[in-house]
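Student: I have a structure open and want to go through it piece by piece. Can we start?
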Amino acid sequence: MKKFMSLAMTGVLVLGMAACGGTSTESTEAPATDAATTTEAAATEAGSEASSEASSEASTEAGSEAADAGSTGTMEGFINVISREDGSGTRSAFIELMGIEQKDESGEKVDMTLPEAQISNSTSAVMTTVAGDTSAIGYISLGSLNDTVKAISVNGVEPTAENVKSGDYVVSRPFNIITTENISEVGQDFVNFIMSTEGQAVVEAEGYIPVDGVSAFEGTQPSGDVTVGGSSSVTPVMEKLVEAYAAVNPNANIEVQQSDSTTGVTSTSDGLYDIGMASRALTDDETALGLTPTVIATDGIAVIVNNENPISDLTSDQIRQIYTGEIEDWSELN
Amino acid sequence: METNKITVTYKKSRFSKFLTAITWVAAAISMVVLVFLVLFVLIQGVGNFSPDLFALEYTSDNGSLMPALFNTVFMVILSLIIAAPLGIFAAIFLVEYSSSTNKFITVIRMTAETLSGIPSIVYGLFGMLFFSSALHWGYSMLSGAFTMAIMILPLIMRTSEEALMAVPDSYREGSFGLGAGKLRTIFRIILPSAVPGILSGVILGIGRVVGETAALMFTAGTVADYAGFLDSGRTLALHMYVLSNEGLHMDKAYATAVILMVLVLGINALSGLVAKKLTKG
Amino acid sequence: MKSNYIRETVMKVIFFIAACASIFAVILICVFLFANGIPAMGEIGFFKFLLGTEWRPSNDIYGILPMILGSIYVTAGAIVIGVPIALLTAIFLAYFCPKKIYKFCKSGINLMAGIPSVVYGFFGLVLMVPMIKSIFNIRSGSTMLTAAILLAIMVLPTIVGVTEASLESVPQSYYEGALALGATHSQSVFFTMVPAAKSGIVTGVVLGIGRVIGETMAVIMVAGNQAVMPEGLLSGVRTMTANIVLEMGYASGLHREALIATGVVLFVFILIINLIVAALKKGAIQHGD
């Protein structure tokens with residue numbers, strides 16, 4: 001079906017090119033390249049989505065380095081380094097743990113991520129880029145990982161929830177909820193639920209690492225409205241928690257607002273949210289506002305490469321060198 | 001120079017063939033791009049349709065788009081109620097009540113163009129600080145609708161203005177000549193003949209509201225439930241953005257995009273019908 | 001008679017108030033933007049901020065020259081690619097399109113206007129980025145060129161819609177007059193109808209430019225977003241809008257104000273563009289045709 005679609009698309013393009021051929025001026029230049037490029041895109045798409053044989057077909061057509069990479073088992077070419085935006089919870093945790101954040105002479109911490117690194121603004125943008133680019137490397141939340149990309153082992157340890165929990169897998173960060181002293185009764189009840197055996201079971205079921213030392217939930221079933229908002233990374237697990245809580249306390253009406261960590265913090269202090277969510281630790285400025293952070297889960301950060309990339313294990317030192325630009329070519333890693 | 005060309009060329013000149021050809025080529029490019037876009041969305045989305053998507057209540061498992069669909073329609077209507085009269089009336093003032101050399105008019109035009117160039121994220125921040133915080137509307141449909149209204153106001157205003165200016169002066173003169181007052185002339189003669197132009201602006205405006213994410217995220221919020229005036233609710237585009245953001249529900253996000261496209265098609269068809277009715281009546 | 005007069009006056013006042021709404025909105029936004037942005041500019045240093053080539057918020061280094069250039073380049077690219085195609089498409093729709101396919105084309109263009117920018121973003125990310133990469137054989141397909149092409153696509157419906165409407169409102173008699181003078185169909189269209197619709201076309205292009213400069217969600221997905229000086233068509237680039245959207249969510253303190261100041265710069269840019277367009281229009285009116 002998809003093959004047929006891409007064929008049909010190619011057909012449309014050929015027609016388009018034929019139409020362009022009719023005229024002979026500079027304006028035909030643009031359409032011709034346009035059409036040519038889109039044909040290739042159709043081929044690439046067919047490749048990435050159809051079976052593996054179709055994909056090898058497509059990559060030979062495109063004549064990219066992907067073909068030799070797949071056949072020889074080694075990787076060559078420039079590394080396309082993908083990072084997240086400055087200040088993202090995922091990025092701060094990643095650069096700190098990987099030693100990409102280094103102290104300069106004056107003792108100030110400097111983010112050494114190479115300036116040429118491509119910046120993506122969301123987990124899915126990182127995944128889509130890496131899935132479509134054989135030479136790319138990126139990092140995402142472990143809970144979002146799927147089979148469109150390959151998560152590599154760091155220092156020989158696979159990125160699994162167990163390994164994060166045991167501490168063998170070093171790249172992880174906390175999920176926080178933020179509350180003020182004026183939290184309503186029902187809000188407090190919900191927080192109690194999150195920090196109970198039942199709540200942490202939900203966290204674990206979603207692929208995140210639960211907090212230890214919690215006890216069973218003893219709800220008082222208060223009624224009222226609660227608005228929870230903040231980090232988009234925390235939102236998926238928070239939605240599950242809200243649904244689970246609704247089952248034990250049907251009196252409460254809890255809304256989940258997805259924005260980002262900082263909005264989560266500031267809106268909680270402004271009173272727009274009752275409970276804020278942040279995928280990073282609070283800054284000193286923020287704790288000074290009288291906010292209380294509570295860690296509700298730990299999330300691993302998976303380092304991902306394209307599925308066709310034969311590399312499956314890197315040391316954290318190698319990852320640091322890639323992200324600071326000391327290693328620029330995949331061949332240096334073979 | 002231009003008139004020279006017209007007089008010296010002949011009917012079957014290569015030049016006019018060339019002119020015809022480049023419009024065909026340009027249109028072909030636009031259409032090919034369009035077909036690609038649509039196929040892209042369809043291929044990614046149609047395979048992921050499931051009855052779950054249309055469940056009445058949203059849960060994190062079914063990713064239902066019904067609340068978002070409702071909110072989208074609600075948001076479009078609300079923001080049009082605010083922006084359309086403002087925009088059209090402003091255009092009437094500009095065209096019918098003032099001479100085009102007036103300084104004040106230049107200022108209004110400039111501000112409208114400035115508004116149309118402000119990035120949506122800035123609207124979002126402004127809306128959050130002004131409507132949500134300063135006016136204490138919180139994350140709500142009302143905050144969102146007012147923000148959207150400011151955003152599409154210049155679009156509606158400018159297109160309405162163009163449409164009104166295009167109405168031949170003979171219409172006005174004829175109407176005044178028959179003894180009709182200014183208001184009557186405007187509402188009975190000028191507005192009806194300007195409807196297609198005005199409508200094209202309104203449709204573009206609807207398109208922007210339907211497709212907007214950045215500004216609404218900060219004003220209307222992202223709660224996946226049926227919203228009232230002062231409740232937070234996500235529109236379809238925002239729903240799609242939220243679904244796609246963490247990469248957990250990409251399939252549902254694309255399926256939502258298909259529905260969004262169908263919705264836009266529906267709106268266009270509807271407005272076409274309305275235009276027909278209005279121009280006839 | 002008197003009640004009529006009152007009604008006329010009341011309506012005139014209403015129209016006037018409506019016309020003032022946009023001024024009111026601009027003032028509100030101005031106040032908010034400037035109040036938040038100007039102090040940051042002062043703190044960083046006006047020229048350090050505008051002409052600084054380094055952006056490292058975590059170390060309090062805020063120079064937005066790369067982003068200013070990025071926005072200019074990407075916008076120029078999108079206009080160069082998009083405007084000719086959009087104008088010609090509008091002319092095609094208005095005068096050359098066979099009746100049979102008109103409806104399809106028209107609703108297609110309108111459909112493009114309603115596709116959310118996130119979808120355009122993924123379209124660019126999934127199709128265009130790998131394509132550009134393999135054509136030019138470069139490190140990454142997320143380049144200035146990719147962003148410009150994607151924006152050119154996104155701006156099509158706006159320009160086509162407005163231009164076509166203004167073309168259609170040119171009186172038919174112009175066209176007939178040109179034909180009567182011996183011009184062909186296409187000559188009449190290009191040299192009589194199009195100049196007559198100039199004001200509407202300029203409006204369409206200005207609205208389009210506004211959309212291009214202001215576009216964020218799609219651009220951040222395909223532009224690479226490196227906060228370094230753009231090196232060429234095939235290098236990554238970060239626009240001012242991308243800068244705001246990328247970091248606003250996390251920023252606090254001076255960083256946040258620096259981002260709002262970026263918004264102020266953007267705002268001033270749009271003002272300048274509008275002034276230029278207004279001057280051009282004025283010149284065109286004075287010279288006549």
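Student: How far apart are the C-alpha centres of domain 1 and domain 2 of chain B?
Tutor: They lie 30 Å apart. Keep in mind that this is a predicted model.

Student: Where do the bounds of those domains fall in chain B?
Tutor: The domain assignment puts domain 1 at residues 2-46 and domain 2 at residues 52-280.

Student: And how many residues are in contact between domain 1 and domain 2 of chain B?
Tutor: Five residues of domain 1 of chain B are in contact with five residues of domain 2 of chain B. On the domain 1 side of chain B, the residues that touch domain 2 are three nonpolar and two polar, with no charged ones.

Student: OK, chain B as a whole. How many helices and strands?
Tutor: Chain B has 11 helices and zero strands. Read from the N terminus, its elements go α-α-α-α-α-α-α-α-α-α-α.

Student: What does the C-alpha trace of chain B span along its principal axes?
Tutor: The trace of chain B spans about 65 × 50 × 35 Å. Chain B has 281 residues, and 57% of them count as buried.

Student: What share of the contacts in chain B joins residues at least 24 apart?
Tutor: That share is 75%, taken among contacts in chain B between residues at least 6 apart in sequence.

Student: Switching to chain A. What is its secondary structure?
Tutor: Chain A comes to 13 helices and 13 strands. Of its 334 residues, 49% count as buried. In chain A, residues 24 or more positions apart make up 72% of the contacts with a separation of 6 or more.

Student: How many residues of chain C are in contact with chain A?
Tutor: 33 residues of chain C are in contact with 34 residues of chain A.

Student: Which elements of chain C give two or more residues to that side?
Tutor: Helix H5 (117-136), helix H10 (219-222) and helix H11 (240-248) of chain C do. H5(C) provides the largest share, 11 residues. By class, the side of chain C that touches chain A has 18 nonpolar, 12 polar and three charged residues.

Student: Back to H11(C). Why is it called largely enclosed?
Tutor: Nine of the nine residues of H11(C) are buried, so the rest of the structure largely encloses this helix. C:Met240, C:Asn243 and C:Glu247 are among the buried residues.

Student: Next topic, the largest nonpolar core. Which residues have the most contacts inside it?
Tutor: B:Leu153 and C:Leu151 do, in a core of 271 residues. Helix H6 (residues 144-168) of chain C gives the largest share of this core, 17 residues.

Student: What is B:Leu153 in contact with, leaving aside neighbours within four places in sequence?
Tutor: In chain B, the partners of B:Leu153 are B:Ala83, B:Leu86, B:Gly87 and B:Leu115. B:Leu153 is also in contact with C:Ala21, C:Ser22 and C:Ala25 of chain C.

Student: Last one. Which residues of chain C does UniProt annotate as "transmembrane region"?
Tutor: The unreviewed UniProt entry gives that annotation to residues 12-35, 64-97, 109-132, 144-163 and 258-280 of chain C.

Student: What is the helix content of residues 64-97 and of residues 144-163 in chain C?
Tutor: Residues 64-97 of chain C are 94% helix and 0% strand, with the end C-alpha atoms 46 Å apart. Residues 144-163 of chain C are 100% helix and 0% strand, and their end C-alpha atoms lie 27 Å apart.

Methods:
Residues are numbered from 1 along each chain as its sequence is written. Chains are lettered from A and ligands numbered from 1 in the order in which they are written. This is a predicted model: local features need pLDDT of at least 70, side-chain atom pairs count only at pLDDT 80 or more; totals for chains, interfaces and linings use all residues. Helices (H or I, at least four residues) and strands (E, at least two) are DSSP runs, numbered from the N terminus. A residue is buried if 20 or more other C-beta atoms lie within 10 Å of its own, exposed if 12 or fewer, and partly exposed in between; C-beta atoms are placed from the backbone. Two residues are in contact if their C-beta atoms, placed from the backbone, lie within 7 Å. Ala, Val, Leu, Ile, Met, Phe, Trp, Tyr, Cys and Pro count as nonpolar, Asp, Glu, Lys and Arg as charged, and the others, Gly among them, as polar. Domain bounds come from an automatic or database domain assignment. A nonpolar core is a set of buried Ala, Val, Leu, Ile, Met, Phe, Trp, Tyr and Cys residues joined through C-beta atoms within 7 Å. UniProt positions are given in the numbering used here, feature names are shortened, and annotations may be inferred rather than shown by experiment.
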